[in-house]
Structure formats: structure tokens, C-alpha cells
Amino acid sequence: MKTFEREFASWLGVKHAIACSSGSAAIHAAISAIDPEPGDEIVTTAITDMGALTPILYQGAIPVFADVDPRTCNVTADTIRPCLSERTRAIIITHLFGNPCDTGPILALAAERGLPVIEDAAQALGARWRNRRAGAIGRIGCFSLQQGKHITAGEGGVVVTDDDQLARRMFLFVNKAWGYGDKTPDHYFLALNCRMSELQGAVAVAQLPKLDDIVRRRIEMAVSLTEQIRDVPGVLPPLCAADAVHSYWRYCLRVTDGNAVGLAKALEPMGIASAPRYIRKPAFQCEVFAARRTFGKSQFPFTLARPEAVDYSPARFPGTFAALDAALVLPWNERYTAEHVCYIAQAIREAARCAQGN
Ligand SMILES: *Cc1c(COP(=O)(O)O)cnc(C)c1O
């Protein structure tokens, strides 16, 4: 596990990597390190894995959902800005599907407000923004090694930073805050056991050397699909910024005629699985948020929230709903061959014709 941490940090280009039990644990360690007061706010996105959100509630803080750019499903500086308040403690940016956020303006906004940026790079192993790898750009980066991600250890996660103090605090968080190595160790603060096991560490170490090739193959095949479907009416390929490299955890099509479900249905008999709407509904419409099911009947920490911070009126999230409506998510894999991609492209062309006929 120590070997994996060292090699992962070196691969990513950061000073510290702390292995942990999951991507959710990585996010949890990051939030614990930021150490918000109860009711403080963490700005994030409603199009993400629930494991990126519940740790915020467990730390007593309020996830505040920024809208997204419907073309990328990612938060932007413009969607984050109106969510900032005097209670904001951090901004989480999620590079969804492996497509880096438009990070420059976000870093500028965060610097202006003195806020740390936490990158959720769980889907973005191998992605890049300018000369840096996703996860090595913000103050803290979080990764998942869950079995559906680019590389896996069955389950697992990593949290990274260049900051010595944050690293120490995140190491402590995944180790019940027991002060290993200190002269008079104690359990310093509220924390869990979120360690990665040595067994997982051994698997992760063996995966790491394969990663660059996995990402290269995924990109090569995705770029080929994009070229082949460019002229298909009603569908748009992923939009990736010129200064970024998308690492294609998934290939997210945008269906412009509003019939992503129809397109998915038409693809199915051709053997192409796809997920219209990705997560189906924004996170804030899930019961944990909508019914505030947290600790007993207390509704904590929502009870401490500014009303605007927990106003989930759909009208406030036009980009989020538009993004989900248009999204048709194709599974992606480094073992896809040129032949597979050609078949997928033909199927999309055919399905788009059928779906539009309906
Ligand atoms: C997978 C994922 C997580 C959570 O990772 P787990 O290992 O499943 O806990 C968090 N954020 C995003 C964006 C993810 O895709």
C-alpha cells in the first residue's frame, strides 16, 4: 500500500497520496481536512456519484449545488459564482466522464475568494488540463479505484495533495485519527477507519503501470468514434476544451432532439447498451436530500442551512436538467477495437434515423 501511494503520487506529480477504502472515503477525508463548521457550505455539482456528496453531510456541512454547463455536464466559474457565500469553505469540481472542467476561471475565482478547490477526479484518471493531470490541479484531488473505474483494486480510493498539513490530516482521518509516529499519540479528532488494505494495495500497484496505455487506447477509440459520428443529425459528440485531455471513463453523447430515451431504445436491439440521462435525476431530487433523511429525525445538518443554499427549485438548475435530458452515456473500454467503434458508429447512425422517424 505504501508502494502504491508513492508510485501514484509520482505518476500524478503530487507530493502526497493517501490510499483509502473508496472514492467516497477520499472525498470524506478531503472534507474532514478542510474541517468546516456545522452548516458551512461546500459548492459542488448535482450530476455526480452520491459518494461525492454524502461525506459532506456526514461532516455537518451543506452541499450547495452549482448548475452545470449543459454541453459538458460540468460546473463552471459562472455557475459556481452565484453559489458562493460567506459560509462557503470549499469548491468541489468533478471532471465528469473524464472530461476536465474549464478549470482556469474556476481557479481564478477560488483564489479571489481564498477558497480551496477539491477535484473529484474519480472518473478522470489520466485526464489533463494544460500540463497537469486531473487531480493534481486543485488543493486536494480525490480518486476512486472502484471496479467500474479506469483502474481498480476491487474497491479503493486515493486522496492527494501537495500540502503537508492537509496530507497529515487526511492520513489521520483514514486511520481513526490515531497519531501514528507521534511521541504521545492520541485519537485527535472524529474519524473513521477508511484504510486501503495491503491486498488492495498490491492489486493497485500492479494496475498503475497499465494506466497510461489504458487511457491512450480509450482516447484513441473515442476520438475515432467522434470523427465517425460528426455528421449524424441529432447527436453531438463530447465537447472537450482545447487545453484539456478527456480520458473517457464514459463516452457521453448529447442528443439534441430531446429523445435520448428513444435513441437508447433503438440502440438496444443492435447490442449497444447505453444510459439515457446518466444518473436519471439530479442528486438533490434523491430522498436523502429531498426528504432530508440524515440523523434520526433531526434533518441535521440541513437545519443549519441558509434557505437559498438548499433551494432545489428546478428553475434554479436549467443547465443540470438540460444536461441530463440530452445525455446518452455509452460505456467505454480500452479493449474496444477499430472494428467495435465502427460498429458503434453505424449503430448510432442507424438508431438516430429510427428514433427521429418516431
Ligand atoms: C465513483 C465515484 C465516486 C465514489 O467512488 P466510490 O469508490 O464508489 O466510493 C465519487 N465521485 C465520482 C465522480 C465517482 O464517479
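**Exercise 1.** In this predicted model, find which residue just after helix α5 takes a positive phi, and which residues of α5 are buried.

*Solution.* 
Step 1. Go to the end of α5, which spans residues 103–113. Just after this helix comes Gly114, with a positive phi of about 65°.
Step 2. Thr103, Gly104, Ile106, Leu109 and Ala110 are buried.
Step 3. Look at what these buried residues pack against: α4 (77–80), β4 (88–94), β5 (117–120) and β6 (128–129).

**Exercise 2.** Work out how many residues apart Arg217 and Glu220 are in helix α7, and how far apart the closest N and O atoms of their salt bridge are.

*Solution.* 
Step 1. Both residues lie in α7 (residues 198–229), three residues apart, so about one helical turn separates them.
Step 2. The closest N and O atoms of Arg217 and Glu220 are 3.9 Å apart. A salt bridge requires such atoms within 4 Å, so the pair qualifies.
Step 3. Check accessibility: Arg217 has a relative accessible area of 24% and is partly exposed; Glu220, at 37%, is also partly exposed.
Step 4. Widen the view. Asp213, Arg216, Arg217 and Glu220 are linked in a network of salt bridges.

**Exercise 3.** Determine which parts of the chain are linked by the salt bridge of Asp325 with Arg277.

*Solution.* 
Step 1. The closest N and O atoms of this pair are 2.3 Å apart.
Step 2. Asp325 sits in helix α10 (residues 318–326), while Arg277 is in the loop between β13 (275–276) and α9 (287–290). The two are 48 residues apart, and the pair links distant parts of the chain.
Step 3. Asp325 is partly exposed at 43%, and Arg277 is partly exposed at 23%.

How values were computed
Residues numbered from 1 in each chain as written. Predicted model: local features only at pLDDT ≥ 70, side-chain atom pairs only at ≥ 80, totals over all residues. Heavy atoms only, no water. Buried < 20%, exposed > 50% of the residue type's maximum accessible area, 1.4 Å probe, protein only. Helix = DSSP H or I, 4+ residues; strand = E, 2+ residues; numbered from the N terminus. Contact = heavy atoms within 4.5 Å. Salt bridge = Lys/Arg side-chain N within 4 Å of Asp/Glu carboxyl O.
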